[in-house]
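Please have a look at the structure before reading on.

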Amino acid sequence: MGLDMYLSAEKYHYGSLNEEPTDLTKAVNAMTDTKGYQVKSFRIWACDWRKANQIHAWFVDNVQEGEDDCKEYRVSVDQLRDLVELCKKVLAHRDRAEELLPTQAGFFFGGTAIDDYYFADLMDTIEKLEPFTTDPSWESWDFTYQSSW
């Protein structure tokens with residue numbers, strides 16, 4: 001039990017049902033019982049966190065318009081870039097962590113101390129998200145964030 005957070009990325013294939021199957025469709029059909037169906041999207045688990053309540057609070061405030069309701073929310077690559085840059089800023093100015101990226105208390109949300117765990121969550125976030133913000137090929141993917149608690 002606790003705060004679990006997930007970021008997924010989905011790539012859509014826009015094409016006609018009458019066209020030749022894509023390599024992705026052929027691969028999925030070979031692995032599953034979807035013979036004859038076209039694959040129209042491919043979804044990956046891009047990132048996950050556990051009890052990183054300061055990161056969750058950022059998503060609630062900057063993506064979810066203040067609604068903390070465990071629903072899926074679309075996240076732009078620019079928003080991911082903003083989060084990565086904020087994490088870097090906090091790591092560079094640790095004395096301003098509570099001001100720049102405050103923690104959020106909640107039922108089973110984990111600790112709210114600005115400690116080694118807090119900063120480890122920021123480093124982990126940068127490591128996981130930065131590839132999506134620096135590689136232009138991710139611009140055509142749709143990202144969604146969801147939490148569960």
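Helices (H or I, at least four residues) and strands (E, at least two residues) are DSSP runs, numbered from the N terminus. With that in hand, read the elements of this protein from the N terminus on: they follow the order β-α-β-α-β-α-α-α-β. That gives five helices and four strands. What you see is a predicted model, in which local features need pLDDT of at least 70 and side-chain atom pairs count only at pLDDT 80 or more, while totals for chains, interfaces and linings use all residues. Residues are numbered from 1 along each chain as its sequence is written, and side-chain values use heavy atoms, leaving out hydrogens and water.

Now find the sheet. Its four strands are arranged in the order S2-S1-S4-S3, forming an open sheet with antiparallel pairing; two strands pair if DSSP finds at least two bridges between them. Strand S2 (41–50) and strand S3 (73–75) are the edge strands, and each pairs on one side only. S3 is joined to strand S4 (residues 142–148) by three bridges in the antiparallel sense, and Arg74 has Thr144 in S4 as its bridge partner.

Next, look at the helices against this sheet. Helix H3 (residues 77–92) packs on the sheet and touches S1, S3 and S4, where contact means heavy atoms within 4.5 Å. The direction of H3 makes about 75° with that of S3. Such angles run from 0 to 180 degrees between N-to-C directions, with axes fitted as lines to C-alpha atoms, for helices over the stretch in contact. Helix H2 (residues 53–62) lies across S1, S2, S3 and S4, at about 120° to S4.

Finally, turn to the charges. Side chains of opposite charge can pair when their charged atoms come close. A salt bridge here is a side-chain nitrogen of Lys or Arg within 4 Å of a carboxyl oxygen of Asp or Glu, and the structure holds ten salt bridges. One of them links Arg50 and Asp4, with the closest N and O atoms 2.5 Å apart. Arg50 lies in strand S2 and Asp4 in strand S1, so this pair ties together parts that are 46 residues apart in sequence. Another salt bridge joins Glu130 and Lys88, at 2.4 Å between the closest N and O atoms. Glu130 belongs to helix H5 (residues 116–134) and Lys88 to helix H3, so parts that are 42 residues apart in sequence are tied together.
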